[in-house]
Amino acid sequence: QVQLVESGGGLVQPGGSLRLSCAASGSIFSIDPMGWYRQAPGKQRELVATVTFGGTTNYADSVKGRFTISRDNAKNTYLQMNNLNPEDTAVYYCNARRLQYDSGVGSVRAFDFWGQGTQVTVSS
């Protein structure tokens, strides 16, 4: 199984910055992409950003130009969050996706692994 541990959350003022980290361990083969999701009170969990092992990134429109996702060779994934606003307040989750071909149905299945989450609060 894949284990994911997030860190770096906290309380910041509007306009401030945070850097979230995700450490992956366990059976990490065939994991692609890595990503960050967030869930605010009363809202659905939403995608923030993803990064493939080939370096392709995707961002939610709400964070483009402010957040940067990256990864290193130690299987760590980061989310640099700049110019934070109160709407960014949420629990942020690290995500790892594994794709596996199912010969029984002749298609690819996706398996998602999640960290425990780290709270980000943006408030004056």
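Which side chain makes a polar contact with the side chain of N95? Point 2 gives the reply.

1. **Ground rules.** This is a predicted model, where local features need pLDDT of at least 70, side-chain atom pairs count only at pLDDT 80 or more, and totals for chains, interfaces and linings use all residues. Residues are numbered from 1 along each chain as its sequence is written, and side-chain values use heavy atoms, with hydrogens and water left out.

2. **N95.** The partner is D112: the two side chains make a polar contact at 3.2 Å. A polar contact is a pair of N or O atoms within 3.5 Å; within protein, one must be able to donate a hydrogen and the other to accept it, and residues adjacent in sequence count only if both atoms are side-chain atoms. N95 sits in strand β9 (residues 90–102). Strands (E, at least two residues) are DSSP runs, numbered from the N terminus. N95 counts as buried because its relative accessibility is 3%. Buried means under 20% relative accessible area, exposed over 50%, partly exposed in between (1.4 Å probe, protein chains only). Leaving aside neighbours within four places in sequence, N95 is in contact (heavy atoms within 4.5 Å) with residues including L4, Y37, D112 and W114.

3. **T77.** This residue belongs to strand β8 (residues 76–81). T77 has 1% relative accessibility, so it counts as buried. Not counting residues up to four places away in sequence, T77 touches L20, S21, C22, M34, W36, V51, I69, S70 and R71.

4. **Strand β1.** Look at the side chains along residues 2–7: they alternate. V2, L4 and E6 point to one face and are buried. Strand β1 runs antiparallel to strand β3 (residues 18–26), and 6 bridges join them. Two strands pair if DSSP finds at least two bridges between them. E6 stands opposite C22 in β3.

5. **L11.** Is L11 buried or exposed? L11 counts as exposed because its relative accessibility is 64%. L11 lies in strand β2 (residues 10–12). L11 and V122 are 111 residues apart in sequence, yet 5.9 Å apart in space, C-alpha to C-alpha. Leaving aside neighbours within four places in sequence, L11 is in contact with T121 and S123.

Note on methods. Helices (H or I, at least four residues) and strands (E, at least two) are DSSP runs, numbered from the N terminus.
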